[in-house]
Amino acid sequence: MSTPRIRLPETAAPGDVIEIRTLIDHEMITAVSSSAPRDMLSRFEATMNGETVIAVDYANGSAANPTLTFFVRAEAPGDFVFTWTHEDGTTFTAEGTVEVG
Amino acid sequence: MTPITRRGFAALAGASALTLSAPALLRAQTAGRMVVIGGGFGGASAARFASIHYPEVAVTLVEPQPTFITCPYGNLILGGKRTLADITHSYDGLVARGIEVIHDRAAGIDPDGHSVQLANGTVLDYDKLILSPGISLRWGAIEGYDEAAAEIFPHAWMGGDGSQITLLRQQLEALPEGGVVGLAIPPNPFRCPPGPYERISMIAHHLKQANPTAKILAFDAKDAFSKQGLFEDGWAELYGDMIEWVPASLDGTIVRVDPGNKLFISEFGEEHRVDLGNVIPPQQAASIAQETGLTNESGWVPVAPLTFEATAAADIHVIGDANIGSPMPKSGYIANSTSKTAVAAALADVTGREAWADPVYFNTCYSHIGQDYGISVVGVFRPGEEGIAETPDSGGVSPRGPLAEKAPDRALEARYADAWYDSITKDMFS
């Protein structure tokens with residue numbers, strides 16, 4: 001479980017708005033209404049060339065298998081890093097590159 | 001109340017007593033002409049209903065196939081519980097009722113001129129048109145899935161000439177020992193919401209006996225489905241771990257297929273090799289509805305909830321899977337149930353009789369999960385101010401519970417399902 005999945009185009013023209021889709025399988029157990037131990041991701045962050053393009057905090061209302069789709073304007077080639085952080089500090093990462101030009 | 005006129009009484013009496021002789025001659029079909037396009041659950045039901053209750057109207061049914069193969073119970077062919085002949089129906093009964101049945105394809109509709117052009121060039125004039133053309137498959141919506149691909153990865157989602165369901169059955173019989181059956185299941189809305197899951201069940205029913213180490217991987221573009229709890233209970237009880245259902249939120253959406261290499265490719269790029277692939281692609285209304293300009297951007301036909309008259313064209317009433325009937329499902333039963341209201345509405349101005357002011361639309365979808373194991377969902381719907389609404393506190397699904405406790409109910413529902421099939425096909429074709 002907790003395998004990061006990403007989908008982004010391999011190439012884009014300068015100025016294109018590109019769609020990035022992300023998914024991680026994680027049950028997101030709050031333990032609010034069950035005796036199962038709490039098992040929650042706390043944060044998702046995506047960076048492009050080291051700069052944050054989106055960051056999301058998860059809390060008890062977050063659904064299982066969080067999926068996020070967002071858009072980025074591609075002005076220059078982009079190296080993307082996607083990081084999911086568990087409440088216990090464990091991180092899960094995926095990387096991708098979009099060629100622009 | 002509709003007064004029984006001398007002419008109407010004579011025609012009704014003639015229809016019941018002398019149907020097999022020459023009913024057309026006994027009827028004065030002078031009130032007008034109703035053309036029906038599509039001889040399936042909507043169209044055949046509409047034509048038959050009109051011929052019985054509006055004998056003063058001439059009814060013509062246009063259907064390209066010489067016989068009708070139902071989608072309901074098609075899955076039972078996969079389970080080895082029915083043959084193609086069992087689900088093939090003749091139009092002879094409708095002909096005997098005095099309905100003119102033309103086996104040709106409707107090539108175009110002229111809504112302003114009130115006429116239908118057939119593929120052979122014939123032009124049929126109508127006063128009222130009942131359009132029940134069914135669905136078309138959105139070729140290319142899943143990359144790589146076109147008509148050629150469907151010869152390798154059958155959809156078996158339209159009755160047609162029976163070749164698709166036959167191909168799927170043959171592939172199932174030829175599955176290597178321990179092989180993988182992959183299904184790609186579309187997003188809503190689509191024809192027969194519980195159908196893919198009954199199909200999974202019937203494939204498992206076959207494999208449990210013929211190929212018990214085989215595996216079924218069902219990839220879904222949704223996160224929930226019709227009668228889900230009941231299906232999942234049945235799968236666990238009857239088939240153990242043979243079936244794995246992969247929802248959209250676990251990367252279940254199949255966006256590309258490679259039939260040559262027997263691959264399904266998911267939204268996030270995972271490649272799944274299958275030995276047998278059943279691709280049920282995204283759908284829209286049949287092409288004639290698109291070409292006539294009746295559909296909106298969704299690809300389906302908006303209709304008035306009380307009459308089923310198309311929003312975009314007067315005197316064309318669109319029934320069955322092609323219309324936007326939400327929250328009603330795209331089912332054969334809804335096509336049958338709504339066909340009668342549509343005919344009554346269409347023929348009100350032609351015959352001077354009243355349309356129905358407060359119609360009710362009924363649906364039951366039965367599904368077979370295994371031997372003597374049936375489940376159902378029931379819905380009751382009415383037209384309202386803002387479209388069609390489910391009647392509060394009506395309907396529902398079969399109660400859940402362990403098989404040890406529910407076996408008699410499941411067996412009864414399997415029998416009810418068989419009886420439903422016999423009844424509705426009689427209401428279409430007898």
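A residue counts as buried if 20 or more other C-beta atoms, placed from the backbone, lie within 10 Å of its own, as exposed if 12 or fewer do, and as partly exposed in between. This is a predicted model, in which local features need pLDDT of at least 70, side-chain atom pairs count only at pLDDT 80 or more, and totals for chains, interfaces and linings use all residues. Residues are numbered from 1 along each chain as its sequence is written, and chains are lettered from A in the order in which they are written.

Leu230(B), Phe231(B), Gly234(B), Trp235(B) and Tyr239(B) are buried in H8(B). Seen down the axis of H8(B), these buried residues fall within an arc of 130 degrees (taken from the directions from axis to C-beta atoms), so they line one face of the helix. The face turned away from them carries the exposed Gly229(B) and Ala236(B). Among the elements covering the buried residues of H8(B) are helix H7 (195-210) and strand S20 (361-370) of chain B. Gly240(B), with a positive phi near 55 degrees, follows H8(B).

Elsewhere in chain B, 3 strands form an open antiparallel sheet in the order S6-S7-S8 (strands pair if DSSP finds at least two bridges between them). Strands S6 (106-110) and S8 (123-125) of chain B stand at the edges with a single partner strand each, so one side of each has no neighbour in the sheet. S6(B) pairs with S7(B), residues 115-118, over 4 bridges; Ile109(B) has Val116(B) in S7(B) as its bridge partner.

Conventions:
Contact = placed C-beta atoms within 7 Å.
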